[in-house]
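Please have the sequence and the model at hand while reading.

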Amino acid sequence: MDRPAPSAPHPITLDDVRGAHKMLSGVARMTAMETSRHLSSLVGAPVHLKCENLQRTGSFKIRGAYVRIAGLSPEERAAGVVAASAGNHAQGVALAASLLGVRSTVFMPVGAPLPKVAATRDYGAEVRLHGAVVDETLRAAIAYAEQTGAVFIHPFDHPDIIAGQGTVGLEILEQCPEVRTILVGIGGGGLAAGIAVAVKALRPDVRVVGVQAAGAAAYPPSLAAGRPVALGSVATMADGIMVGRPGDVPFALIKDLLDDVVTVSEDQLSSALLLCLERAKLVVEPAGASSVAALLAAPDAYEGPVVALLSGGNVDPLLMQRILRHGMSAAGRYLSLRLRLTDRPGALATLLGVLSVVDANVLDVSHVRTDPRLGLTEAEVELHLETKGPEHCAAVGAALEDAGYVVIA
């Protein structure tokens, strides 16, 4: 991505990020950086994982929230703060406000996962459930701020928020001074903008690449237009980066400083989450795994050493279950198929015997014998199998074909 010359001085500087870093001493952890041998082998260069999923509240959000609230005047603090979020920002604001002795109110969607609602309350916030989607929740929070005088804490569109998130960039350079490429997920853009400010001021040679979910990729059209452009709709499992319009403040920084923005598919996101869990032993939410998804999508595109930022680990267990199944399917580790066989005693056992020979683990079987679509002597079987990868899936299909079975779907 060719960057135009900056049209105006940036609202955030390296000094702002350094000031935020000093302010966060004793508040935010310097999270670990783990080397991934599997990803390093795939890329052909060292790959390190910056584990903000292990940060307090489970994501980087505590950094920006604390800096923003700490910068309020005594009068503003007395009025309290309000935020709207489905998860990570909610918890970051709740904890930051609690640490600073400020009253906080957090609006969350009615359908927000119960563990995230409970965690936000445990960090000290008053939680109000409102709206079916975050946009409705956001409007309610802004209205509350106007009615009560509470200060609205935006998740990404404020200089203090961006300066706080930029402290991750300082840590990356300290922990991996030889880094050549940094991959970071982008929603509204606060994290990527802050990292770019810090990294480009100290190491302009380092390539900083943003990653968006293809179903919520507002930055590519916005960068092409030269201004923030709102998407008509967004849809992705990566709710942490599911933002339909870039923030004005981060957009100006990303337009000038970021080297590229790439997109990843839902299959790549779920495969990345599965890889983090299996190979790195790290619980990461879909948005947090977006940087790893970019490596899986184009391992030859990035000069190493590479640092992939795992931005958060707050994932609902029920969603994790669905994503893992999706990831196993995308990786060829989970196979669903439907076939018909002759309805006679022992037919199902014979079918399972064929699968046993090729070492396919049967997770679930649905056996239908009465259906208008079936002939008088037919039965339909739907199977869910655990396999060892694409080659094993092909071997299962070949074994069924050799045994005379016709797979319908």
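At 33% relative accessibility, does R128 count as buried, partly exposed or exposed? R128 counts as partly exposed because its relative accessibility is 33%, where buried means under 20% relative accessible area, exposed over 50% and partly exposed in between (1.4 Å probe, protein chains only). This is a predicted model, in which local features need pLDDT of at least 70, side-chain atom pairs count only at pLDDT 80 or more, and totals for chains, interfaces and linings use all residues. Residues are numbered from 1 along each chain as its sequence is written, and side-chain values use heavy atoms, with hydrogens and water left out.

**Domains and their interface**

- The domain assignment divides the chain into domain 1 (14-60 + 158-326), domain 2 (61-152) and domain 3 (332-408); such bounds come from an automatic or database domain assignment.
- The centres of domain 1 and domain 2, taken over C-alpha atoms, are 23 Å apart.
- To this contact (heavy atoms within 4.5 Å), domain 1 contributes 26 residues and domain 2 contributes 18 residues.
- The size of an interface is often given as the accessible area lost when the parts come together.
- Between domain 1 and domain 2 about 2,000 Å² is buried, with 61% of it on carbon and sulfur atoms; buried area is the accessible area (1.4 Å probe) that two parts lose on being put together, summed over both.
- On the side of domain 1 that touches domain 2, the elements giving two or more residues are α1 (14-23) and α8 (159-175), and α8 gives the most, with seven residues. Helices (H or I, at least four residues) and strands (E, at least two) are DSSP runs, numbered from the N terminus.

**Salt bridges**

- The whole structure holds 13 salt bridges, each defined as a side-chain nitrogen of Lys or Arg within 4 Å of a carboxyl oxygen of Asp or Glu.
- Three salt bridges are counted between domain 1 and domain 2.
- E171 pairs with R63, with the closest N and O atoms 3.0 Å apart. Since E171 lies in helix α8 and R63 in helix α3 (residues 61-70), the pair ties together parts that are 108 residues apart in sequence.
- Both E171 and R63 are buried.
- R63 also forms a salt bridge with E52 (2.9 Å, N to O), and a network of salt bridges links K50, E52, R63 and E171.
- E126 and R128 form a salt bridge with their closest N and O atoms 3.0 Å apart; E126 is partly exposed at 38% relative accessibility.
- In the salt bridge of R203 with D205, the closest N and O atoms are 2.9 Å apart.

**The loop between β2 and α3**

- Q55 lies in the loop between β2 and α3 and is buried, with a relative accessible area of 3%.
- A polar atom of the Q55 side chain lies 2.8 Å from the backbone oxygen of R29.
- Beyond four places in sequence, the residues that Q55 touches include A28, T31 and R63.
- T57 lies in the loop between β2 (47-51) and α3 and is buried, with a relative accessible area of 6%.
- Leaving aside neighbours within four places in sequence, T57 is in contact with residues including Q91, Y123 and N314.

Note on methods: A polar contact is a pair of N or O atoms within 3.5 Å; within protein, one must be able to donate a hydrogen and the other to accept it, and residues adjacent in sequence count only if both atoms are side-chain atoms.
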